[in-house]
Amino acid sequence: MKSQDSRVAAQRGLDCLLYGVMQQESVHTHLDSVQWAGALGFPVPKSDERMLETTRDIQGILDFIAHWNVARKELPFATDGVVIKVNDFAQQRELGTTAKSPRWAIAYKFESEQVTTLLEDIAYQVGRTGAITPVAVLEPVLVAGTTVSRASLHNADQIALLDVRIGDVVQVEKGGEIIPKVVGVDVGLRPADSLPVHYITHCPECASPLIRKEGEAKHYCTNTLDCPPQIRGRIEHFVSRKAMNIDGLGPEIIDLLVRRGGVSNVADLIDLRIRADENWRLNTVLYKSTDTSPKGADLRVHHVHALANWFHRTAGGQRASNPDQLHIAKGGVEAFCSTLEERAWEVGFDVKLPNVMAFSWPQDGMDWRVCLEMALFSHPHQLAILERAKHLSFPDELLVGPEALVWEVDGWGMQEVDWNALKSFLHRLTSRTRQRLGSVELSNLVRALEGASNRSFNQLLYALGIRHVGVETAEMLSQHFHNVTALGQADEAAIAAIHGIGPEIARSVCASFGDPYFLEVLQRLQELGLQFELSEEDATVRGSALAGQTFVITGTHPVSRESLADTIRNEGGKVVGSVSNKTHYLVAGEKAGSKLSKAEELGVSILDHASLLALINQSQSISDTESKEN
Ligand SMILES: [Zn+2]
C-alpha cells in the first residue's frame, strides 16, 4: 500500500472490512454503528455470518470464541483472534481508557498454530540502517491459512540459541505478528552430515565487511555511503513529509533511481531536475522476472486479434473503421473465425481459419519465438522481425535498447494501431516486468523536486538525517544559528549550550560537519539552490510566547493534535508525550483519560484549546508592551 503507484496497489486485490464507527450521534451501540455503516454501503462484518454478535453472558462469549476457533480456518483471510467489546457507547465512555488501551474492549488471541517444515537455506536482508536480518528460507508450508516460505530468524544469537542448521526440520509459528518465526528444531531428524551455521561476515548487497557493536544484537554493514538499502533509507527520510515533503517518491521509484538512475545521495536526487531528460528516462529501466509465463489462452486471443487486423485490411484494402469489429472475446474466437472466413470468401480468399489455427495456436510453455512466429502469420514484416528476435533473450527487447524495432524510424509499413497491437503482444510474451518512469511521471517528479527549493532551512536540516536531529532539534538549531555556515563553524560546546540540546546531539552534529562526504553533499545542495539560511519571515514570525514551557496534549480538540503541537512549537514551547512533574501545562480536550488524572494528581495546570490561545495572546501582548517600553 505504501507504493506510490496506484496501479501496483490496485493489482494486489486489497479489500477491507470496517469494524467500527468513531462518531455518529444517531446510534448508541457498537453493533448499531457497524450496521449503520453497512447500510451506507461500506463493507462490514455481517451478523448473519456470526462475524459480529451481542451476548449478555460469559457463556455467549465462550461460544463465539469456540465457533471461530474452528470456523476461522474457512475464512478467505487470516485472523488471529476476536475482540470482545462493551456494546453500549454510554458505558464505554463511563469505563474510559488507560494510558495504553480502552477498558471496554479486550482481544482474545487464538492459540498460534505450529507446523514443521524443512529449512532449505538462510538468506540475509539489509535494512535501511545497514542492520542485517537473517531469514529462514523454508519449504513452503500452510500455516494459519497462508503459505509460508520465509520466516524471521532475528539475529546471529537467535540462530546460535536454536542451533538451527540448513537441512533441519524446524517448527514454524505464526503468532500475533504478520511475519512467521522459527521457534524450534527437531534435532532427531537432523542429517548426520549437517554443519552449524556460519553467520555471514560481509554485506549481501554490497560485499562490505559487517560489524557488531557492543551490546547490539544485530550485525551492521559498514558501507554507509554506497550500500543500496542504506542509500534508499536516507532518500526516503529526505523526501518524507516532515522533511522535504516531496511527493511521488514511493519505495519502488526510489529503488529504481538508486539502482539505475545514478542516485547515490540526496544531491544526486535534487540534481535530477537538470539531469533527468527523456534519454535518462528511457535508460533508467529495472527488470524483474515474473514467475507467470504467458498463458496460452491469452495468447490465442492475441493471435486471432493479429490475424483479424491483417485480414480486415487485406479484405477491404483498408482496416475496419469500427474498432468494435476487432474486439474478440475469448469465448467468441470460433464465431469470429467463421465471420472472417466469410469476409475472406467475399473477396476471393478460400481459407479455413479454425483449421489453420488449430495446429498453430500457441500452447502454454511454448518458446516465445515460436509464439511470435505464429502471431505474425502473414504479417508483412514477419521475417525481418523474427531475424532480430533470434539474438534477443526477451521479446520486449524488440521494443527497447539498441536492437529495438522503431515504428517511427523504420516505418514498417504498419499503421499505428497495428504497431500498438504488436507491442502489447510482445509484452504479453515477456516473462519479466519492466519498471520505468512514464513521461508524465517524470515531469511530475521533476516538478516535485523543484519544490525542494521552497522548503525552509529547518526542514532541510532535519531532512539531512544527521543522527539524533529530529524535527524539534532541527528547528532549535536553525533558530539559533540562522544559517548553515554559522552552524558548521559552531563547536560542540556552543551547540550543547542551547537550551534543550544535549551533548549527544552536539557531538553528532559536529561529527557530520567534520565529514568530507557530508560537506560535499551540502555544497552541491547549496549550488542547487536549496535554502541554507532561515528566511527573515521564519526568523521573525516565530514567537516566543511559550518559550521554556513544556506541554502535553491529550483528548480530542477542535483542531488536530498535530496542528496544536505546531502552534505550541511556533511559540517556542516544547511538546512531550507524557505528564511528569516537569510538565508546565496539560492541554486537555474532550475524552481526556489518564493523562488528565495524572496532571491533576501532580498539580499541573490544565488548559483547553481556547485557553491555550488566550495564553499565547496574553504573553504576546506583554512582550509587545515590553518591547515598546524598551
Ligand atoms: Zn552493504
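Visitor: Fine. What should I know before we start?

Guide: This is a predicted model, where local features need pLDDT of at least 70, side-chain atom pairs count only at pLDDT 80 or more, and totals for chains, interfaces and linings use all residues. Residues are numbered from 1 along each chain as its sequence is written, and side-chain values use heavy atoms, with hydrogens and water left out.

Visitor: How many salt bridges does the structure hold?

Guide: It holds 16 salt bridges. A salt bridge is a side-chain nitrogen of Lys or Arg within 4 Å of a carboxyl oxygen of Asp or Glu.

Visitor: Which residue meets R281 in a salt bridge?

Guide: E278 does, at 2.8 Å from N to O. Both residues lie in helix α9 (residues 278–283). They are three residues apart, about one turn of the helix. Helices here are DSSP runs of H or I with at least four residues, strands are runs of E with at least two, and both are numbered from the N terminus.

Visitor: What about D271 and R275?

Guide: Their side chains also form a salt bridge, 3.4 Å from N to O. D271 and R275 are four residues apart in helix α8 (residues 266–275), so about one helical turn separates them. D271 is buried at 18% relative accessible area. R275 is partly exposed at 30%.

Visitor: Which residues are linked in a network of salt bridges?

Guide: D163, R165, D168 and R190. Within that group, the side chains of D163 and R165 meet at 3.4 Å, N to O. D163 is partly exposed, with a relative accessible area of 31%.

Visitor: And where is R165 found?

Guide: R165 sits in the loop between α5 (156–162) and β6 (169–174). R165 is buried, at 15% relative accessibility. Leaving aside neighbours within four places in sequence, R165 is in contact with L119, R190, S194, L195, P196 and V197. Contact means heavy atoms within 4.5 Å.

Visitor: New topic. How many residues does helix α3 have?

Guide: Helix α3 (residues 58–71) has 14 residues. From first C-alpha to last, α3 reaches 20 Å, close to the 20 Å expected at 1.5 Å a residue. The expected span is 1.5 Å times one less than the number of residues.

Visitor: Which residues of α3 are buried?

Guide: G60, F64, I65, W68 and A71. Seen down the axis of α3, these fall within an arc of 140°, so they line one face of the helix. The arc is that of the directions from the helix axis to the C-beta atoms.

Visitor: What do they pack against?

Guide: The buried residues of α3 pack against β1 (81–85) and β2 (105–109). The face turned away from the buried side carries the exposed residues I58 and V70.

Visitor: What comes between α3 and β1?

Guide: A loop, and R72 has its place there. R72 is buried, at 12% relative accessibility. R72 and F110 are 38 residues apart in sequence and 10.0 Å apart in space, C-alpha to C-alpha. Beyond neighbours within four places in sequence, R72 is in contact with F77, T79, F110 and E111.

Visitor: How many residues are in the largest nonpolar core?

Guide: That core has 58 residues. Those with the most contacts inside it are F238, I246, L249, L269, L477 and L525. The core draws at least three residues from each of domain 3 (231–285 + 442–450) and domain 5 (468–538). Those domain bounds come from an automatic or database domain assignment. A nonpolar core is a set of buried Ala, Val, Leu, Ile, Met, Phe, Trp, Tyr and Cys residues joined through side-chain atoms within 4.5 Å.

Visitor: What else is there, apart from that core?

Guide: Another core, of 26 residues, lies apart from the largest one. A151, L162, V170 and V185 are among its members.

Visitor: Last one. Where does T554 lie?

Guide: T554 lies in strand β12 (residues 550–554). T554 is buried, with a relative accessible area of 7%. Not counting residues up to four places away in sequence, T554 touches several residues, including R561, L586 and K595.

Methods:
Buried < 20%, exposed > 50% of the residue type's maximum accessible area, 1.4 Å probe, protein only.
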